[in-house]
Every structure is written in C-alpha cells, then in structure tokens.
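Visitor: I am new to this model. Please pick one part and take me through it closely, one step at a time.

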Amino acid sequence: MQFSNTAIDIAALPKAEEVTLQPIEPSYWKVLQIEWLITVTVLAVAAGAAIYFIIPQNKTWLIALIAIIWVLITIIYYIFISQSFKYRAYALREKDVLSRTGWIIRHLEVCPFTRIQHCSVHAGPLERRFGLASISLYTAGSEGADLRIPGLKEETASTIREFIMQKIKTDEPAAH
Amino acid sequence: MVISLFRSKANKFDPFEMVVIGLSLFSIVRSIIEFLYFRFYIQQDDLILKSGFVTKKTISLPLEKIQAVHIEQTWLHSIFNAARLSFDSAGSEKIEVKIDAISKAEAEEFKNFILHSKPDSNIDADTGLTIDAPEIPQEQVLIRLGANDLFRLSISANHLEAFLLMLAFFVSALDQLRDIFKLEYNQFVNWVYSQSPNASAGWLVLPVIALMISVIVSTVRVLIRYYDFRISRTPKGFHIHSGLINIQEKLVPFSKIQYISWKANWLRKRMGIYLLQFHAIGSQGMNEKLRIKVPITNSSMIPLLLHQYHDPLPVQDITAVHIHRAFVVRMVLMYAIYPSIVAGIPLYYFFGWKVLWLLAWITVVAISRSLFQRRFRLWMDENALQIRRGVLGTTELVLRWDFIQSAGMEQSIYQRSHDLATIHLHTAGGTVTIPYITLPEAREIMNYALYKIEIRHIPPSSG
C-alpha cells in the first residue's frame with residue numbers, strides 16, 4: 001500500500017443531509033394508534049378508579065382537574081405519535097445507516113457499519129400482527145449511541161440485518 | 001456439643017437477635033464457599049474467572065480486550081500482602097470483572113503482562129507499513145508529586161465541596177451524639193454563641209472557622225488520595241500509583257484511551273493546576289473511584305501525557321468555531337424566564353413582591369450562559385478536535401476523529417428557525433457535545449467525522 005496524505009476537499013465529502021431517506025411502513029401508524037388507545041384507556045380506568053374509590057363525591061373541582069389532565073395527555077400523546085411518525089425515516093448508505101427521529105427536537109443519527117458491535121431484530125405481538133419488526137444496532141459507544149429503527153417490514157428488517165452482518169464481516173479484518 | 005450449647009442459650013435470645021446471628025452466620029458461610037469455589041487462570045489468550053457454588057459462572061476475557069486495570073490495596077489487603085484487581089468491561093451491560101484478593105506477586109506479574117509485553121503490532125493502520133519502534137525505556141516516570149505539589153493541591157481544592165461533605169458528616173454524627181447525650185441543637189448553638197462576646201462577632205468567627213475546617217478536610221482528602229502519586233510511561237501504556245492508606249494502581253494501555261480531558265476550577269486555573277482524565281471504555285457512568293485521573297501541577301506536563309494519544313492542537317494557528325449568540329437567549333428563556341413565570345405566579349400569592357428575587361436567578365443564568373458562550377472554542381484539524389469550555393473554571397478535551405463510534409445532529413424548533421444545530425459525537429468513553437453551532441458547520445463536522453471513521457478499515461477501539 002502506498003502512503004498518501006493528499007488534502008481533502010471538505011465540500012466534496014459525501015453529505016449526510018442530502019441523502020433521500022426512506023419513510024417507515026405506513027402500517028406502523030396503526031400499531032402506534034393501538035398503543036395509544038391502550039395507554040389512554042388504562043389511564044382512564046386508573047383515573048376512574050381513583051375518583052370512585054378515593055376522592056369524596058363533593059370535590060367536583062378535583063374530579064374536573066383529573067379529567068382535564070387526562071384529556072391533555074390524550075391529545076398531546078396523539079400529536080406526538082402522529083408528528084414523530086411522519087418525520088421518522090431511515091436510509092442505508094454504502095458505509096453507514098442513517099435514522100431521522102423526533103417531533104419538537106429533531107435528531108439525525110448516523111452509525112457507521114465499522115462501529116456496529118451487533119444488531120438485533122425485534123417484533124412485539126402488535127408489530128407481528130401487522131407483519132412488522134424493528135431493528136436495533138448496538139455500538140461500543142456510551143448510552144444514546146445505539147440506533148433503533150421501528151416499523152420495518154419483517155423481510156426488510158432481516159434483509160437489513162443480513163446486509164449489516166455481511167458488512168461487519170468484510171470491513172473488519174482485525175480488531176484490537 | 002455445639003448444637004447443645006446453642007440450644008441452652010437459645011431461650012435467652014429474642015427472635016430479632018436470632019435473625020441477626022443467622023444472617024451473619026449465613027454470610028460468613030457464603031463467603032467461605034465463594035472463596036473455595038473461586039478460580040482464575042490464564043488459558044492461551046483468555047483470562048478465565050470461575051465462581052459460584054449453586055449457580056456456576058464463568059467469565060472469559062480475551063487479554064487483548066482488557067481495557068484499564070485497577071489494582072487496589074486497602075490496609076486490610078496490605079496485612080495479608082494481597083490486592084484487589086478489577087477491569088473495565090467494554091460490554092454494554094456493565095459486568096463487573098474483579099478478583100477480590102490476589103497475592104501481590106501475582107498482581108505484579110499481571111501488571112507486567114499488561115504494560116511490558118511487546119506491543120502486538122507496529123503496523124501503521126493508515127499505510128500498512130511496518131514502523132521500526134524506537135527503543136523505549138521500560139518504565140519512565142513522568143510526574144511525581146512532592147510535598148509542595150500536595151500543598152498546592154490542597155489549597156486550591158474545592159473547599160465548598162469539602163465543607164458540605166464535612167457538614168453532612170457532622171450533622172449525622174451530631175444526630176447520633178444527641179441520641180446518646182440527649183444534647184439538643186439549640187443548646188449547642190447557644191453554647192457556641194456564649195463562647196463569643198456578642199452575636200455579631202459570632203457571625204464573623206463562624207465563616208473563618210468553616211474555612212479553616214474546610215482547608216483541613218481538603219488537605220486530608222488530598223493526602224489520602226494523592227500521597228506518593230506518580231505516573232510513568234511504559235512501552236504499552238501509563239502506570240499510575242497513588243494513595244496513603246489505600247494504595248491504588250492503575251494501568252491504562254495507550255490504545256484503549258478514547259479521549260482525554262483536563263479541567264481546573266477558577267483558582268486552579270490561575271495556579272496552573274489541572275486534573276487530567278483518561279476516558280477509557282465505559283468510563284461514563286462508572287463510579288468515581290475507578291476513573292483515571294492525574295493531578296497536574298505544571299501545565300507544561302499536559303503535552304507529555306497527551307503525546308501517545310494525540311498532541312494538543314496548535315490552537316493559535318487554527319480558526320476556532322464558536323457557539324452562536326442565540327444559545328444565550330435560548331438558555332435564559334428555558335432555564336430562567338419560563339420557570340420564573342411558572343413558579344412566580346403561585347409564589348406571588350405567598351410572598352408578594354419578594355418574588356422579584358427571581359430576577360437575581362435570571363441574572364445569574366444570563367451571566368453564566370453568556371460567559372459559557374463567549375469562552376467556548378472548538379478547533380479541528382485532520383486528525384483530531386479540541387474543545388475548550390467553562391464558565392469560571394475551564395475544561396479542555398482532545399478527541400481523535402477515529403475514536404468516534406457514531407454521530408448525531410439535534411435541532412429544536414428554535415434552532416431550526418435560526419439555522420443552528422447541536423452535534424453529539426458518541427465515543428466508547430462518553431459523549432462529546434458541541435452545542436448551537438451554525439447548520440453548515442454542524443453538517444461539515446458530521447460529514448467529516450463520518451468520512452474519517454469510514455475511511456479507516458480497522459476500528460481503533462472496538463472493545
């Protein structure tokens with residue numbers, strides 16, 4: 001191998017922000033909605049039980065407060081899942097994986113294949129019902145460095161896993 | 001016979017005492033069994049630890065993957081001429097790998113293995129060329145702290161922290177004393193006042209006493225921790241030795257250092273005293289005792305410790321990246337003005353116009369954030385980046401691009417409207433954050449970091 005140390009044109013580097021990202025499966029929206037429904041129902045039952053058993057009937061203002069809080073949680077949670085679902089996307093490049101998430105605060109995480117320690121595919125009961133799965137990529141980085149992409153078709157998830165495992169094998173001739 | 005002895009006495013014990021005795025007996029038996037079933041040995045290139053009587057557990061640790069090694073000798077260990085050996089684990093789950101008592105000779109042998117065995121390869125990762133390693137002395141002492149250094153360290157220590165520590169100890173001790181002597185706080189306080197001629201003098205004397213006690217506490221802490229401190233360089237890594245009662249030794253292979261930071265409080269910055277930290281894998285979220293820190297009493301020592309990782313950048317020749325002014329506005333809104341409005345309305349009911357004291361809080365936040373914004377510097381060259389930040393004190397760090405594990409960019413609504421972004425560079429030793437830089441700069445940094453990681457095929461760290 002020849003030693004070379006030529007200057008690098010920063011402007012010519014591949015740009016992560018110009019990659020066209022792939023949105024996640026539309027059917028994942030149904031999973032999120034069902035999860036939302038279950039959570040708010042459980043909350044409603046818990047609040048109802050609290051009102052019925054603990055709070056005296058004459059304290060109307062307290063009952064109203066609990067009801068208002070429940071309504072607020074329900075609405076904000078719904079906005080959160082719908083907005084973050086719309087923004088969620090991913091992309092595979094030749095040498096790394098990109099994942100875009102968030103609602104109020106938006107993130108773009110990039111994880112190079114050479115740094116992936118292992119990856120796993122996970123499918124919960126709801127996801128399985130819709131033929132979906134999520135993939136998690138683990139690096140040696142500290143917490144927050146791992147990457148998870150939910151709402152992929154089961155086949156897509158396992159294809160991506162195969163692809164990454166192949167990349168890890170070929171790109172890592174020797175580890176320290 | 002033992003049983004009969006116990007039986008004859010058993011009647012006199014109440015159930016609570018029985019439980020206590022039972023538990024302590026159980027724990028003694030347990031530790032004996034644990035001791036008898038604990039084995040460790042080196043097999044080919046793996047360190048194997050076997051333990052457990054009921055649940056058997058085997059840990060095998062490839063020697064090449066060993067990160068930093070900690071050798072600790074408490075006074076109890078020194079009686080039996082033994083030491084405790086523990087390793088930083090690189091796994092995402094924090095499995096603690098340690099040998100509680102190993103004979104000193106074995107620990108010594110282990111140390112030699114980690115620090116002195118021939119570096120495994122001299123092949124340069126970039127070029128594949130073999131480099132003739134220059135003759136390096138077996139062990140070269142870089143820094144040794146003398147009495148003078150220890151004195152300067154104690155004087156400049158964080159006295160507020162020491163005082164609070166002592167206060168907490170004092171209050172809890174007083175609590176116990178009160179139970180014994182039926183002494184009341186009020187009586188004690190009255191006694192203190194009765195000793196001074198008048199009350200105002202008492203208020204003058206108390207801070208002086210507090211400062212004196214804090215200095216003494218700091219001195220004792222510094223002595224216990226840094227007595228006989230020395231750091232030396234071997235062909236493969238650093239060897240740190242320190243401690244008065246509990247002797248600590250740390251072995252840090254060069255190749256396992258993820259990034260290096262050094263910091264100083266306001267006073268230490270002026271005295272040229274820094275605390276340098278080697279961030280190894282998993283050092284974030286690790287307990288304070290296992291962190292690898294080196295006190296530096298002369299700032300010219302810093303390049304010496306950085307050399308193996310990456311020399312400090314020539315910062316005067318590089319244009320620095322700054323944080324955008326909008327950072328201050330945003331922080332003051334988020335952490336001072338909004339909370340003050342939310343808290344101020346109910347507080348007004350109780351305290352009336354005293355609520356205006358919240359303005360003091362807003363001022364403090366504004367000043368500190370604006371100092372932070374003005375003092376923040378980021379320098380970059382083709383191999384590494386260097387950050388300087390701080391409000392009154394200062395923290396600097398050097399991170400090589402190729403030690404980054406993954407990168408992320410973050411934008412809040414406010415940042416989006418101002419074309420700003422925050423960058424997170426995740427390493428195996430912790431995350432380095434660059435807040436509120438312009439979007440083009442953020443994109444450039446991120447793309448460059450990815451380019452530097454991906455162009456190399458051999459991951460330098462991979463735990």
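Guide: Helices and strands here are runs assigned by DSSP, at least four residues long for a helix and at least two for a strand, and they are numbered from the N terminus. The model is a predicted one.

Chain A has 176 residues, and 35% of them are buried. Of the contacts in chain A between residues at least 6 apart in sequence, 50% link residues at least 24 apart.

Next, the division of the chain. Domain 1 of chain A covers 28–84, and domain 2 covers 89–170. Taken over C-alpha atoms, the centres of these two domains of chain A are 32 Å apart. Nine residues from domain 1 of chain A and eight residues from domain 2 of chain A take part in the contact. An interface is often described by the accessible area that is lost when its parts come together. Between domain 1 and domain 2 of chain A, the buried area is about 820 Å², and carbon and sulfur atoms give 85% of that. On the domain 1 side, the residues of chain A that lose the most area to domain 2 are A:Tyr28, A:Val31 and A:Ile34, which together account for 54% of what that side buries.

Now a sheet in chain A. It is open and made of three strands in the order 5-6-7, with antiparallel pairing. The edges are strand 5 (116–122) and strand 7 (147–153) of chain A; each has a single partner strand, so one side of each has no neighbour in the sheet. From one strand to the next, the twist averages 20 degrees. Strand 5 of chain A runs antiparallel to strand 6 (residues 132–139) of chain A, and six bridges join them. A:Val121 has A:Ile135, in strand 6 of chain A, as its bridge partner. In a regular strand, side chains alternate between the two faces of the sheet.

Chain A also touches chain B. B:Ser412 lies in the loop between strand 17 (404–411) and helix 13 (413–417) of chain B. Leaving aside neighbours within four places in sequence, B:Ser412 contacts A:Ile104 and A:Ile105. B:Ser412 has a relative accessibility of 9%, and it counts as buried because the cut-off is under 20%.

For a view of sheet pairing in chain B, there is an open sheet of seven strands in the order 6-5-4-10-9-8-7, with antiparallel pairing. Strand 6 (97–103) and strand 7 (140–144) of chain B are at its edges. Strand 4 (residues 69–73) and strand 10 (residues 247–253) of chain B pair in the antiparallel sense over five bridges, and B:His70 is opposite B:Lys250 in strand 10 of chain B. Elsewhere, strand 18 (residues 420–427) and strand 19 (residues 430–438) of chain B pair antiparallel over seven bridges. These two strands of chain B, strand 18 and strand 19, form a hairpin with two residues between them.

Note on methods:
Residues numbered from 1 in each chain as written. Chains lettered and ligands numbered in written order. Predicted model: local features only at pLDDT ≥ 70, side-chain atom pairs only at ≥ 80, totals over all residues. Heavy atoms only, no water. Buried < 20%, exposed > 50% of the residue type's maximum accessible area, 1.4 Å probe, protein only. Contact = heavy atoms within 4.5 Å. Pairing = 2+ DSSP bridges. Domains from an automatic or database assignment. Buried area = accessible area lost by both parts, 1.4 Å probe. Axes fitted to C-alpha atoms, helices over the stretch in contact; angles between N-to-C directions.
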